[in-house]
Amino acid sequence: MVSRRTFLTSAGAAIVGAGFVSRAGAASIPEAAVARSAATQPPLVPANGRPYNPVVTLNGWTAPWRMRNGWKEFHLVAEPVVREIAPGMKAHLWGYNGSSPGPTIECVEGDKLRIFVTNKLPEHTTIHWHGVLLPSGMDGVGGLTQPHIPAGKTFVYEFEMKKSGTFMYHPHADEMVQMAMGMMGFIVVHPKNPDFMRVDRDFVFLLNAFDIDPGSYTPKVSTMLDFNLWCFNSRVFPGIDHLVARTGDRVRIRIGNLTMTSHPIHLHGHHFEVTGTDGGWVPKSARWPETTIDVAVGQMRCLEFDAAAGDWAFHCHKSHHTMNAMGHDVPTMIGVDHRGVAQKLIRLVPDYMVMGERGMADMGEMEMPLPENTLPMMTGQGPFGAVEMGGMFTVVKVRDGVKRNDYRDPGWYKHPTGTVAREWQDDSK
Ligand SMILES: [Cu+2]
């Protein structure tokens with residue numbers, strides 16, 4: 001039964017909403033959508049403007065827009081956000097519209113973009129549109145091409161997207177701090193002809209990194225290289241979603257690097273081609289087959305492959321980038337003889353545990369008590385046991401019969417009989 005009280009409440013809520021929209025309309029600024037979940041959102045099918053095949057932002061989302069007199073209008077709000085890095089750990093970051101990274105901006109070659117940027121940070125900022133060809137005064141370099149956007153103010157950027165391709169956005173103001181805090185996002189400009197370079201699945205994510213001490217929430221902003229959380233879109237394994245595809249799908253993955261070091265990104269089970277950089281599409285005659293592509297600082301690399309059935313590891317090949325915060329600064333104990341030492345130490349440190357003298361695999365298997373708000377160095381369970389990974393690691397899951405536009409986790413791969421490595425049984429004895 002709808003009581004008078006609930007009726008009034010819901011009617012009141014509707015009026016508040018309408019009031020907000022008309023106030024925003026009067027100010028000519030579109031409402032800023034906000035996302036607080038770190039789950040991968042389904043592709044945003046364009047409701048207006050030119051048609052295109054939308055991308056899927058891994059553990060992210062695409063910003064909605066409005067069309068107004070031939071302009072595609074977006075509204076980004078630079079603000080403090082809370083981001084779950086993986087279940088068990090949250091970080092206090094800066095981002096856009098409730099998330100770090102900010103939402104992906106998707107548009108089409110030839111679109112005229114008007115992007116409102118509201119600054120809700122405690123200091124000034126700007127946005128640089130990394131790789132986009134635009135008038136110099138729209139390039140977003142604070143002090144050089146524009147005044148900084150003061151705290152509390154809104155600026156507007158206007159430019160036409162002349163080329164299709166994959167670009168990034170990030171501040172060019174107090175850059176070390178603002179990028180160390182997580183301010184960045186992706187820009188995908190789709191080709192005017194939706195059949196040009198068409199693929200079945202198109203994933204995007206950024207490589208980013210944070211230095212957050214166990215037990216704390218805010219990144220250390222003056223860290224230059226020694227970060228302890230190596231992320232795909234501000235997530236670490238096992239918090240990174242899987243990339244799901246159907247057997248035989250043409251899959252594209254666009255990877256941008258806004259960390260302070262390079263990442264050799266490796267895909268198991270496939271030979272891929274690099275089909276795009278920040279500078280545009282790579283012509284067919286210039287592509288070469290690869291299994292690992294080094295994505296240098298400030299670069300975007302776009303790779304494509306025909307998906308083969310299985311569960312395929314997909315990760316950075318620097319091994320300290322596939323471990324989490326607790327794994328850094330661990331002493332080497334391999335070959336150290338602990339006999340006699342442990343008993344003496346236990347008298348001083350009752351919780352002391354001998355570990356590492358036969359390698360560190362034990363640490364992936366036992367889930368030890370951790371300090372508050374951090375993640376184990378090596379973790380994650382697969383169908384055969386501990387995966388012993390962290391950081392920049394996830395799984396490309398390819399299955400027969402996955403429906404178009406279905407990105408749900410299909411579970412672990414069911415290997416055909418006789419195709420799994422097994423213990424050798426010597427039948428000749
Ligand atoms: Cu790496």
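Five strands make up an open sheet in the order 13-24-21-15-19, with mixed pairing; strands here are DSSP runs of E with at least two residues, helices are runs of H or I with at least four, and both are numbered from the N terminus. Two strands count as paired if DSSP finds at least two bridges between them. The model is predicted: local features need pLDDT of at least 70, side-chain atom pairs count only at pLDDT 80 or more, and totals for chains, interfaces and linings use all residues. Residues are numbered from 1 along each chain as its sequence is written.

- Strand 13 (residues 243-246) runs parallel to strand 24, with four bridges, and Arg 246 has Arg 399 in strand 24 as its bridge partner.
- Strand 21 (residues 310-316) is antiparallel to strand 24, with six bridges; here Ala 313 is bridged to Val 395 of strand 24.
- Strand 15 (residues 263-267) pairs with strand 21 in the antiparallel sense over three bridges, and Ile 265 stands opposite Cys 316 in strand 21.
- Strand 24 (residues 393-399) has six of its seven residues buried, so the rest of the structure largely encloses this strand. A residue is buried if 20 or more other C-beta atoms lie within 10 Å of its own, exposed if 12 or fewer, and partly exposed in between, with C-beta atoms placed from the backbone.

- Another open sheet has four strands in the order 5-10-9-7, and its pairing is mixed.
- At its edges stand strand 5 (105-108) and strand 7 (128-130), each with a single partner strand, so one side of each has no neighbour in the sheet.
- Strand 7 and strand 9 (residues 165-170) are antiparallel over three bridges; His 128 has His 170 in strand 9 as its bridge partner.

**A hairpin**

- Strand 22 and strand 23 form a hairpin with two residues between them.
- Strand 22 (residues 379-382) pairs with strand 23 (residues 385-389) in the antiparallel sense over three bridges, and Gln 381 is bridged to Ala 386 in strand 23.

**Core and contacts**

- The largest nonpolar core holds 91 residues, of which Met 168, Ile 187, Leu 229 and Val 236 touch the most other members. Such a core is a set of buried Ala, Val, Leu, Ile, Met, Phe, Trp, Tyr and Cys residues joined through C-beta atoms within 7 Å.
- Beyond its neighbours within four places in sequence, Met 168 has contacts that include His 130, Met 184, Ile 187, Leu 258 and Met 300; a contact means that the C-beta atoms of two residues, placed from the backbone, lie within 7 Å.
- Lys 192 lies in the loop between strand 10 (185-190) and strand 11 (201-210) and is partly exposed, with 14 other C-beta atoms within 10 Å.
- Not counting residues up to four places away in sequence, Lys 192 touches Arg 50, Val 108, Glu 109 and Gly 110.
- Lys 192 and Cys 107 are 85 residues apart along the chain, and their C-alpha atoms are separated by 9.7 Å.

**Backbone details**

- Most residues other than glycine have a negative phi, and most peptide bonds are trans.
- The peptide bond from Ser 100 to Pro 101 is cis, with omega near -5°; Pro 101 sits in the loop between strand 4 (89-96) and strand 5.
- The bond from Phe 237 to Pro 238 is also cis, with omega near 5°, and Pro 238 belongs to the loop between strand 12 (229-232) and strand 13.
- Asn 59, not a glycine, has a positive phi of about 50° and counts as buried, with 23 C-beta neighbours inside 10 Å.
- Glu 388, not a glycine, has a positive phi of about 60° and is found in strand 23.

**The whole chain and confidence**

- The protein chain has four helices and 24 strands, and 40% of its 429 residues count as buried.
- The average pLDDT of the chain is 88, and 85% of the residues score at least 70; pLDDT is the predictor's confidence in each residue, from 0 to 100.
- Over residues 1-26 the pLDDT is below 50, and this stretch has five contacts in the model beyond near neighbours in sequence.
- Where pLDDT is low, the predicted coordinates should not be read in detail.
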